[in-house]
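Here are my notes on the helix packing and one of the sheets. Please read them with the model open.

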Amino acid sequence: MTDQELYKLERDFCSFGDTVHYVKEPKIFRSAEGSFMYDSANTTFLDLQMWYSACNFGYKNKKINDALIDQMDTLPQVTSQYLSEPKILLSKEISLAMQEKFNKRGRVHFNVGGSQATEDALKLVRNYTGKSLMFAFMGGYHGRTLGASAITSSYRYRRRFGHFSDRAYFHPYPYCFRCFYGKKLETCDFYCLKMFEKLFETEYNSVWDSKVSECEYAAFFIEPIQGTGGYVIPPMGYFEKLSKVLRERKILIVDDEIQMGFYRTGKMWAAEHFGLSPDVLTFGKSLTNGMNPLSGLWAKEEIISPDMFPPGSTHSTFASNVLGARAGLEVMGLMKEEHFESEVNRKGKVFLEGLEYLKKKYKVIGHVEGLGLALRIEVCEDDSFTPNKALTDTILEEGLKGNLEYKGKKYGLILDIGGYYKNVFTLAPSLYITDEEIDLAIGLLDQLFSKFSV
């Protein structure tokens, strides 16, 4: 069918509520491989967002695809009341990796999407503590189910769905380029952290009963690097200090690694960069490289032991589905076999050097930063600070037209927009991106900023 025929059918039969339409007519792609996608005219599009970091290991990854084909030929389906080898082995691999990195024993629990993993983490924390209120960060995103929306800071996600009595207490994230308090990192001495600690000075600051030394809030849900918030990277030292405050008050730490996990930042978990040791950790997206969705969480033994969290606590039909578990097992194997830590960090530095070159060239690029291959470009007015959403949208749409040229060949560019003001390109290329493809990315971005900058 032609694109136009498909657009007409979509308008007539598809709910728009299960997706996001950032442009009037979302692109229809027909094939994909490695770092690239191809449209109906077979134009090559370099993908710098890889399905919101759900395809860290590239499109049509042969090892993962072959494992899935093998699983389909042997045991493609099994109800989750029974067991399968891939589920058990994948749980073991993740548990042992957590034990190695954080020196904690625990168990793994599966579901099918990031929001569902967040829901399960909420149930786990509520069950363990008997409390229903959580801390979370401004700019944080944990999903769009009702529970996940309650700890996601944007009111836009809650506005049409009534009262959220368990809405989180949202504290400013250390977003130093746009500090909530107007401070400068060089002189602030972690002022935002001091404001959080101040909550516990007296019971009249609303969260703490000093007579029994108990907090009304059970856990702090944390993205070590904010994803939808615009790939905001915190200053070193912040999370160590925050952890100390939380530990002293017996507040659990829930680490949301759904977007930043599986070497996106150059380590298996982003928390490893910042001295953050979680009690619960959620994951999803690239666990299966986007194949047959599977998400889940790991939690400390005392929180998730079968006596504490018995069978049926969050069961769903497709939780721990065998195809997703087999894909996840293959991803864990890839991470053992290959040198992602050194390679992702090396490529990230090369990519960031390119972005810093563009920042020097264009005033409208106010800020660039990156950790591993999680990179950001903040698009601004000519003062290099005032957010410029209109220009960000224009560049995104122009990239999707597929009319750029590089070394005599036509290309398109797939970008993703995030940030508090929707003026940030959040870049999440394939972890297998080559140096030549990084040059291509910088070349295409250069053309786009050149076309629309004064």
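**Notes on packing**

1. Helix 13 and helix 14 are oblique to each other. Oblique covers what remains once angles under 35 degrees (roughly parallel), over 145 (roughly antiparallel) and 65 to 115 (roughly perpendicular) are taken out. Helices here are DSSP runs of H or I with at least four residues, strands are E runs of at least two, and both are numbered from the N terminus.

2. This is a predicted model: local features need pLDDT of at least 70, side-chain atom pairs count only at pLDDT 80 or more, and totals for chains, interfaces and linings use all residues. Residues are numbered from 1 along each chain as its sequence is written, and side-chain values use heavy atoms, without hydrogens or water.

3. The angle between helix 13 (residues 389–400) and helix 14 (residues 435–452) is about 125°, and their axes lie 10 Å apart. Axes are lines fitted to C-alpha atoms, for helices over the stretch in contact; angles run from 0 to 180 degrees between N-to-C directions. The crossing is right-handed, that is, the near helix is turned clockwise from the far one by less than a right angle. Helix 13 contributes Leu-391, Thr-394, Ile-395, Glu-398 and Gly-399 to the contact; helix 14 contributes Leu-448, Phe-449, Lys-451 and Phe-452. Contact means heavy atoms within 4.5 Å.

4. Helix 3 (residues 62–74) and helix 11 (residues 322–337) cross at roughly 145°, their axes coming within 9 Å. This crossing is right-handed too.

5. Gln-71 belongs to helix 3. Is Gln-71 buried or exposed? Gln-71 is buried, at 5% relative accessible area; the cut-offs are under 20% for buried, over 50% for exposed and partly exposed in between, with a 1.4 Å probe and protein chains only. Beyond neighbours within four places in sequence, Gln-71 contacts Pro-76, Pro-86, Val-322, Leu-323 and Arg-326.

6. Four strands form an open sheet in the order 13-14-18-17, paired antiparallel. Two strands pair if DSSP finds at least two bridges between them. Strand 13 (365–371) and strand 17 (417–418) are at the edges with a single partner strand each, so one side of each has no neighbour in the sheet. Strand 13 is joined to strand 14 (residues 374–379) by six bridges. Ile-365 stands opposite Val-379.

7. Helix 12 (residues 340–361) packs on this sheet and touches strand 13, strand 14 and strand 18 (424–427). The direction of helix 12 makes about 175° with that of strand 13.
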